[in-house]
Amino acid sequence: MGPAPAGAQDRGGAGEPEVMELALEGTGKEGKKESSKKHTLSGSPVEGLLQPVKLSQAELYKEPTNEELNRLRETESLFHSSLLRLQVEELLKEVRLPEKKKERIDAFLREVNQRVLRVPSTPKRELTDQTWLPAGVRVPLHQVPYTVKGCFCFLPPSQVTVVGSYLLGTCVRPDINVDMAVTMPREILQDKDGLNQRYFRKRALYLAHLAHHLSQDPLFGSVHFSYTNGCHLKPSLLLRPRGKDERLVTVRLHPCPPPDFFRPCRLLPSKNNVRSAWYRGQSPPGDGSPEPPTPHYNTWVLQDMTLESHVQLLSTVLGSAFGLKDGVALLKVWLRQRELDKGLGGFSGFLVSMLVAFLVSTRKIHTTMSGYQVLRSALQFLATTDLTVNGISLCLSSDPSLPALADFHQAFPVVFLDSSGYLNLCADVTASTYHQVQHEARLSMALLDSRTDDGFQLLLMTPKPMIRAFDHVLHLHPLSRLQAACHRLKLWPELQDLGGDYVSAALGALTPLLEQGLGSRLHLLAHSRPPVSEWDISQDPPKHRDSGTLTLGLLLRPEGLTSVLELGPEANQPEAADFRQFWGSRSELRRFQDGAIREAVVWEAASMAQKRLIPHQVVTHLLALHANIPDTCVHYVGGLLDALIQSPKEASNTKGRMVMSRGGELVMVPNVEAILEDFAILGEGLVQAVEARSERWTV
């Protein structure tokens, strides 16, 4: 029996009501029952197998409709093949949120809104007086230093608004998260709350009071804290429904100030809002030196101020353009498969949504484009544009008081300004992460242009974690060693700006250090910092060292990889002192054949396998010298295939190999006859398998 004809399943579905109608007509008389039964049996000789529907001559050769012609024309011009279009459409069906679930989520959001607005208020207290908090809830913030000025009282929020991808229709499964902005009343905040983490302390206390009351409500199955995009100064409250809908949705509450409460001019990247005397406990220097700027701290305050304006912008751009929404969904899947949106500093789905809005504003993407076209245009832009050198901006204002792009480039490695001109959307994205995004975008564009049959599978369906994407991988553990690295590297301004996050502060200094040391051996260096898991409201927030392991990936260049020599400047050059300081005891003076006397570093490597692992020596030496990180804390993974490609030293009776004598030594060489015999057996098996498959389909 041959396979069912193409499309028989669809046409068979249309023929089923005829059989059901005959069966219903036979309920009156027994004779009609028998005739109906005979008709049914004759129509389907094999039970459970759909039969082709007989079409008339006119139906077989009917002209295609305008809709079918437009679809064929679009497939030819917009997609490489009909298969690619079908694959993209099926993927979008899988990641979209069904309408039935949307109705249940909307009902849950209305209940959350009502309950948040009904939380009772508290009397005014000093920020350091937290005795009013119940015993079953802890403040989700590391209050270091603890002493801070200001007062706090809880008042119900002035507004609760749904923000984020759920409102825009660009959220993707399986994890559905709905962000809600909880606007704190003006009476809670004071004019100088932007200084010395006062705003973040009030924000955390506001969440703690909300968590205590909402955890007692039977509507919620779980109430937990989590960090917003990995930032430990900005916790959020996670709410999930009780019962069978527990995995339906996760609602994240983000307290935020009124939109115009803080003055943006006080939050420029060159301004300081964390005083050294308060943070370090030291008196300010008397020489009149300025306070170090706190660009990341200022950015985190601005992010809370612009939540609603960003949603309004995206809603205006995306609107009813389903192609743009499909493109954003495909980009989110692309980022998730490569783990580029994980942890602090990841290239999140919000960033690609704003990037699509920028490309629409610059007319590089049109609202009539399909999702696949939006994906290609965004990847092409990422592959060819370096935001670490030339930043971009959504701001159209020509106000001279606005900061310039150059001011942001001095404070941040990656620059992408929002429509206000004050907020850098990529403030937390490191240069290494963006270069990794660029690299993956180039590979993806080459894959799409090659038009391979498995291009869709490799682009959007295959996970690509760091262990698969890089040649060598190293893990730094425990993370507490990075605190000593910050002291060795004298990163006090960075710690003051990042609120004591020594992992992020050390990472920003270690990646350029390793890139300089590896030099021409390195093509790309990337890092992966796993996101901090959520915690119960009765527990203290996780510390920086509890975030797991910091992973660095090295993508190496074949040329220059096995060189054992690092050639430095001549001894009488002023750069020689910098070379000696960078390499420490490994640097030594050497005379070369051309008579030059240069500083140089020579690595120990007796075999080719050891030469391929010279990056291991470089990394461990530089980390120990400059960051006080011993080699016992560096878990290096590389050269795992060397054992397979090295020649064995002892004779063996393994099939496919034979022992021969060369120069008085026994060496093992391939046994050609045994290999040919194995190929013959394999060929016979393949022929039998093909014949069996052909017989099965031709019966």
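Please keep in mind that the model is predicted. R338 forms a salt bridge with E440, one of 23 salt bridges found in a search of the whole structure.

**The R338–E440 pair**

- In this pair, the closest N and O atoms of R338 and E440 are 3.4 Å apart.
- Is E440 buried or exposed? With a relative accessibility of 4%, E440 counts as buried because the cut-off for that class is under 20%.

**The E566–R521 pair**

- E566 and R521 form a salt bridge, with 2.2 Å between the closest N and O atoms.
- This pair links distant parts of the chain, with E566 in strand β14 (residues 565-570) and R521 in the loop between α21 (502-518) and β11 (522-528), 45 residues apart.
- Both residues, E566 and R521, are buried.

**The D540–R138 pair**

- D540 forms a salt bridge with R138, and their closest N and O atoms are 3.2 Å apart.
- Which parts of the chain does this pair link? D540 sits in the loop between β12 (535-536) and β13 (550-556), and R138 in the loop between β1 (125-126) and β2 (151-152), 402 residues apart.
- D540 counts as partly exposed, at 47% relative accessibility.
- R138 also counts as partly exposed, with a relative accessibility of 37%.

**A salt-bridge network**

- Side chains of opposite charge can pair when their charged atoms come close.
- E111, R115 and D217 are joined in a network of salt bridges.

**Packing of α13 against α14**

- Helix α14 (residues 371-384) packs with α13 at an angle of about 90°, and the two axes are 11 Å apart.
- The two helices, α13 and α14, are therefore roughly perpendicular to each other.
- Which residues make the contact? From α13 come L355, V356, F358 and L359, and from α14 come V374, S377, A378, F381 and L382.
- Sorted by class, the contact of α13 with α14 has eight nonpolar residues, one polar residue and no charged residues.

Terms used: Residues numbered from 1 in each chain as written. Predicted model: local features only at pLDDT ≥ 70, side-chain atom pairs only at ≥ 80, totals over all residues. Heavy atoms only, no water. Salt bridge = Lys/Arg side-chain N within 4 Å of Asp/Glu carboxyl O. Helix = DSSP H or I, 4+ residues; strand = E, 2+ residues; numbered from the N terminus. Buried < 20%, exposed > 50% of the residue type's maximum accessible area, 1.4 Å probe, protein only. Axes fitted to C-alpha atoms, helices over the stretch in contact; angles between N-to-C directions. Parallel < 35°, antiparallel > 145°, perpendicular 65-115°, else oblique. Contact = heavy atoms within 4.5 Å. Nonpolar A, V, L, I, M, F, W, Y, C, P; charged D, E, K, R; others polar.
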